[in-house]
Amino acid sequence: MKITNITCYKKEMGLFYIKVDTDEGVYGFGESSPMRPDVLMQIMNTVIKPQVIGMDPFQGEKIEEAVLRKHYKISGQLLASAYSGLEIALWDLKGRYLNQPVYNLLGGLYRDRIPLYASSMSRDLTHREEADKIREAIGRLQVKAVKIKVGPRFGTGLPVDLKDDELKVKAAREAIGPDCKLMIDGNSSYTYIQAVQLYERIKQYDIHHFEEPCPYYDIDTYVKLAHTLPVPIHVGEQDWNIYTFRDFISKGACHLYAADPVKCGGLSSAKRAAALCRAFGIHYVPHNTTKGVGFAAAIHLAASSPECSSYYEYNIEKNSTRERYLKQPFEVKDGCVLVPHKPGLGIELDEELMEATLEVIR
């Protein structure tokens with residue numbers, strides 16, 4: 001079997017899907033993190049596609065080497081994100097060809113349902129509006145954990161307001177009650193001392209984990225933070241190679257690791273992160289906010305990896321671009337997403353709708 005074509009579907013700042021076709025009529029879908037679909041398109045068409053056309057889709061290690069190792073001079077998150085979409089599509093394709101769900105190809109079914117936390121992505125709501133939003137999600141999904149954003153988000157240039165962050169966390173805790181787990185995500189907003197100061201302000205609200213409080217690349221700061229604060233530190237969603245995985249995990253820079261399959265180089269790379277988590281006795285909590293193909297990939301990762309033993313992120317924004325292209329939505333029951341058991345990633349996309357509403361490049 002040979003790869004014959006790669007089709008890209010994109011929507012600016014919203015979606016980047018990949019379809020891989022073969023000479024035997026078998027195909028697979030993947031997804032890349034859609035931060036810059038225009039750039040991903042260029043990488044896919046000029047760097048990745050010329051390397052993989054004609055290759056056997058089962059030769060995953062050779063394909064990875066042809067794309068990532070050969071082009072090490074331009075290595076980075078964009079190349080890894082683009083490759084992630086291709087790599088996930090190849091797993092979907094192999095599963096369809098073998099008539100097996102992807103989790104069986106990744107190690108077998110370890111768990112058939114994944115506990116979720118309701119993840120609010122907003123920073124523009126009042127504290128009352130945010131509280132109402134997560135309370136509604138708890139009632140609708142029956143989840144036992146939620147996450148809110150704190151800080152101004154890295155790169156915005158906005159000043160940190162620790163008092164306002166404290167009030168937001170307070171409002172969230174009062175809204176969800178004492179038994180629901182509360183997580184916070186700083187998106188690299190704080191310096192080391194600001195992160196410590198914020199925790200001192202909010203520790204009475206029983207924080208389940210503190211995600212990416214400091215700039216995501218600063219391993220030394222995370223080592224200090226992980227040894228200072230009595231709260232689990234969660235980091236890794238930006239990471240894209242095994243050496244960064246190794247350094248964060250082996251140096252004790254986190255308690256929860258979050259390499260994202262749509263950013264880190266796909267499912268094979270994510271399984272390497274899971275193995276490192278096992279070796280160092282920490283939880284692997286894959287980051288993923290897509291609710292589409294990438295979400296399906298992450299579900300199969302969690303389903304097949306013992307290390308994925310914590311709550312899994314579930315985006316509660318109601319304007320999800322990706323969900324509209326699923327022929328059947330993911331099944332959420334009693335706060336858990338049920339693992340799909342059909343071949344490949346276990347989902348089907350509405351290709352007719354995709355052709356009509358997305359930019360398509362063959």
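Helices here are DSSP runs of H or I with at least four residues, strands are runs of E with at least two, and both are numbered from the N terminus. The model is a predicted one, so local features need pLDDT of at least 70, side-chain atom pairs count only at pLDDT 80 or more, and totals for chains, interfaces and linings use all residues. Residues are numbered from 1 along each chain as its sequence is written, and side-chain values use heavy atoms, with hydrogens and water left out.

Let's start with a pair of helices. H7 covers residues 192-202 and H8 covers residues 219-228; they pack at an angle of about 20°, and their axes are 10 Å apart. Axes are lines fitted to C-alpha atoms (for helices, over the stretch in contact), and angles run from 0 to 180 degrees between N-to-C directions. H7 and H8 are therefore roughly parallel to each other. That label goes to angles under 35 degrees, while those over 145 count as roughly antiparallel, 65 to 115 as roughly perpendicular and the rest as oblique. H7 passes H8 in a right-handed crossing, meaning the near helix is turned clockwise from the far one by less than a right angle, with anticlockwise giving a left-handed crossing.

Now for the residues that meet. On the H7 side they are Tyr192, Ala195 and Val196, and on the H8 side Thr221, Lys224, Leu225 and Thr228. Contact means heavy atoms within 4.5 Å. The residues of this H7 and H8 contact divide into 4 nonpolar, 2 polar and 1 charged. Here Ala, Val, Leu, Ile, Met, Phe, Trp, Tyr, Cys and Pro count as nonpolar, Asp, Glu, Lys and Arg as charged, and the others, Gly among them, as polar.

Stay with H7 for a moment. Its buried residues are Ala195, Val196, Leu198, Tyr199 and Ile202. Seen down the axis of H7, these buried residues fall within an arc of 160°, so they line one face of the helix. The arc is that of the directions from the helix axis to the C-beta atoms. As for the cutoffs, buried means under 20% relative accessible area, exposed over 50%, and partly exposed in between (1.4 Å probe, protein chains only). An α-helix has 3.6 residues a turn, so residues three or four places apart point the same way. What covers the buried residues of H7 includes helix H6 (162-176), strand S6 (181-185), strand S7 (207-211) and H8.

H8 can be read in a similar fashion. Ile219, Thr221, Tyr222, Leu225 and Ala226 of H8 are buried. They cover an arc of only 150° around the axis, which puts them on the same side of H8. Asp220 and His227, on the other side of H8, are exposed. The buried residues of H8 pack against H7, strand S8 (233-235) and helix H9 (242-250).

Zoom in on Ile219, which lies in helix H8. Ile219 counts as buried at 15% relative accessibility. Leaving aside neighbours within four places in sequence, Ile219 is in contact with Asp247, Phe248, Lys251 and Ala253. Lys251 is 32 residues from Ile219 along the chain, and their C-alpha atoms are separated by 8.4 Å.

Next, follow H9 on to its own partner. H9 and helix H10 (residues 267-280) pack at an angle of about 20°, with axes 10 Å apart. That makes H9 roughly parallel to H10, and the crossing of the two is right-handed. H9 brings Ile242, Phe245, Arg246, Ile249 and Ser250 to the contact, and H10 brings Ser269, Arg272, Ala273, Leu276, Cys277 and Phe280. The residues of the contact of H9 with H10 divide into 7 nonpolar, 2 polar and 2 charged.

Finally, a look at two loop residues and one in a strand. Ile347 is found in the loop between strand S13 (336-338) and helix H12 (351-357), and is buried, with a relative accessible area of 9%. Apart from neighbours within four places in sequence, Ile347 is in contact with Arg96, Gly292, Val293, Ala296, Leu326 and Phe330. Tyr27, in strand S3 (residues 27-31), is partly exposed, with a relative accessible area of 21%. With neighbours within four places again left aside, the contacts of Tyr27 include Arg96 and Glu348. Lys291 sits in the loop between strand S10 (283-284) and helix H11 (293-304). Phi of Lys291 is near 60°, a positive value in a residue other than glycine, and Lys291 counts as buried at 6% relative accessibility.
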